[in-house]
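The following explanation leads a new reader through one protein model.

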Amino acid sequence: MTAPSPPPTAASTMMPARVHGPELDQAAFACIAAIAHREAGLHISPGKSAMVRTRLARRLRALKLPDFETYCALVQSPAGGEELGAMISALTTNVSHFFREDHHFSILREKVLPGLVDKAKSRQRVRIWSAGCSNGQEPYSIAMTLREAGMPSDADLRILASDIDPMVVAHAQVGRYPETMMSGLPDPLRAKYFTADGDTPEPSWQVRPEIRRMIAFRILNLLRDWPMQGQFDAIFCRNVVIYFDADTQSRLWQRFADALEPGGWLFIGHSERISDAGLSVFESRGMTSYQRTGKSARGTAPTPTTLRD
Ligand SMILES: C[S@@+](CC[C@H](N)C(=O)[O-])C[C@H]1O[C@@H](n2cnc3c(N)ncnc32)[C@H](O)[C@@H]1O
């Protein structure tokens with residue numbers, strides 16, 4: 001396997017723009033980078049200072065704050081919880097689209113779902129997690145693939161869709177997309193699983209209730225405790241860990257292994273790699289696709305996944 005390239009840092013996809021307003025000095029940058037690392041595992045190098053300034057300048061304007069020192073004090077205060085979420089949201093990218101990295105959906109269709117459809121037909125539970133689901137195109141793509149594969153409509157099936165950013169989770173839950181966010185969705189699936197919503201200024205598309213009902217939406221920071229008990233048949237965590245440092249990534253691979261059934265599948269983003277240590281619990285099954293090895297990662301018997309509603 002080729003050695004992975006060093007992870008790009010958060011906020012690396014945006015061109016610096018001319019910013020008016022407060023300067024971001026070294027001390028304030030260090031403060032913001034430390035908070036972003038501690039709270040969300042983000043690795044922001046000093047070279048990204050201009051981009052951090054551009055992105056957070058909007059937050060300062062919205063909150064009418066005079067400088068970044070005041071902003072740092074706010075996000076570290078008990079009253080700053082909500083703004084902390086907005087800060088992490090501003091520093092990460094939420095770009096996604098339907099059926100992104102289509103090879104994962106081919107593997108899901110051809111290698112994973114035949115077994116899961118049998119499992120559902122024999123009245124066993126099926127659980128899939130879209131971890132870092134952004135605006136929802138990923139979990140909805142999974143749900144449509146399951147339906148197309150003949151997953152019974154009365155199956156004990158749940159897709160968990162989670163993200164650290166409350167705004168994208170709210171969007172995902174509503175399931176309404178303007179035309180610009182519909183790329184990647186084949187026309188027959190659009191016709192079958194979406195309705196055109198003509199009441200909005202820009203034409204938009206609403207996912208049908210039978211697809212939305214397959215998914216439980218949650219705000220969840222991957223670095224914190226995971227409230228779900230029990231194990232998943234497959235986890236999609238794509239284009240999320242790319243912003244995390246190597247130690248944070250390694251810990252996450254182990255936790256994903258613990259959260260998967262033996263033989264369960266993990267799909268990661270195109271520029272992400274499981275470290276050598278992580279490969280003791282996963283076997284590579286093609287491009288950025290892995291299967292948990294047979295032995296239990298925790299040495300305990302699997303328990304059913306609990307997802308309320
Ligand atoms: C580029 S999007 C990926 C969306 C989707 N998985 C895909 O590949 O199209 C990255 C998402 O990761 C989320 N994220 C970043 N750090 C996170 C963390 N610590 N816990 C949970 N989600 C996080 C961001 O909010 C963002 O929505």
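**The ligand shell and the protein around it**

The shell around the ligand is made up of 7 nonpolar, 10 polar and 5 charged residues. In this predicted model, the residues surrounding the ligand number 22, and the closest are Ser96, Gly132, Ser134, Ile164 and Leu222.

The protein that holds this shell may be described next. The protein has 309 residues, of which 40% are buried. Its secondary structure consists of 10 helices and 10 strands. Among the contacts between residues at least 6 apart in sequence, 79% link residues that are at least 24 apart.

Helix α2 spans residues 49–63 and helix α4 spans residues 81–91; their axes come within 9 Å and cross at roughly 140°. Angles over 145 degrees would count as roughly antiparallel, and those from 65 to 115 as roughly perpendicular; α2 and α4 are therefore oblique to each other. The crossing in which α2 passes α4 is right-handed. On the side of α2, the contact is formed by Val52, Arg55, Leu56 and Arg59, while α4 contributes Ala86, Met87, Ala90 and Leu91. The residues in this contact between α2 and α4 comprise 6 nonpolar and 2 charged, with no polar ones.

Methods: Residues numbered from 1 in each chain as written. Predicted model: local features only at pLDDT ≥ 70, side-chain atom pairs only at ≥ 80, totals over all residues. Helix = DSSP H or I, 4+ residues; strand = E, 2+ residues; numbered from the N terminus. Buried ≥ 20, exposed ≤ 12 C-beta atoms within 10 Å, placed from the backbone. Contact = placed C-beta atoms within 7 Å. Near = placed C-beta within 6 Å. Nonpolar A, V, L, I, M, F, W, Y, C, P; charged D, E, K, R; others polar. Axes fitted to C-alpha atoms, helices over the stretch in contact; angles between N-to-C directions. Parallel < 35°, antiparallel > 145°, perpendicular 65-115°, else oblique. Left-handed = near helix turned anticlockwise from the far one by under 90°.
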